[in-house]
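Visitor: Please show me the structure, and let us then discuss the terms by which its features are described.

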Amino acid sequence: MQDRPFAFVCSPFRGDMEANAEKAREYSRRVYEAGYTPLAPHLLFPQFLSEHDPAEREAGIQMGMELLAQCSLLVVCGDDITEGMARE
């Protein structure tokens with residue numbers, strides 16, 4: 001497989017987290033089909049960090065920012081820009 005540049009998938013997560021996670025999976029698929037390796041931290045970090053614990057949410061955002069620094073592309077998805085998305 002050829003080398004694929006990393007693309008950071010930025011989309012809403014809070015609110016209806018289940019529906020937003022499904023949308024993030026769809027966005028990630030499109031990014032993959034466009035030839036990139038999608039990175040969607042909001043699909044990974046909530047697997048072991050609590051969105052309801054402010055310190056853990058902040059840790060997830062900070063780790064996501066570290067991943068963003070490794071990406072060639074930022075892909076902003078959805079109709080609304082959330083507070084977390086604005087930080088990214």
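**Terms and values**

Guide: A search of the whole structure finds one aromatic pair. It is formed by Phe45 and Phe48. The model is predicted, with local features needing pLDDT of at least 70 and side-chain atom pairs counting only at pLDDT 80 or more, whereas totals for chains, interfaces and linings use all residues. Residues are numbered from 1 along each chain as its sequence is written, and side-chain values use heavy atoms, without hydrogens and water.

Visitor: Why is the pair of Phe45 and Phe48 called edge-to-face?

Guide: Rings of Phe, Tyr and Trp (its six-membered ring) pair if their centres lie within 6.5 Å; planes under 30 degrees apart are stacked, over 60 edge-to-face and the rest tilted. Phe45 and Phe48 lie 5.9 Å centre to centre with 85 degrees between the planes, so the pair is edge-to-face.

Visitor: Why is Phe45 called buried, and why does Phe48 count as exposed?

Guide: Buried means under 20% relative accessible area, exposed over 50%, and partly exposed in between (1.4 Å probe, protein chains only). Phe45 has 9% and is therefore buried; Phe48 has 52% and is therefore exposed. Ser11, at 6%, is likewise buried.

Visitor: What makes the approach of the Ser11 and His42 side chains a polar contact?

Guide: The term requires a pair of N or O atoms within 3.5 Å; within protein, one must be able to donate a hydrogen and the other to accept it, and residues adjacent in sequence count only if both atoms are side-chain atoms. The side chains of Ser11 and His42 are joined at 2.8 Å, and the contact therefore qualifies.
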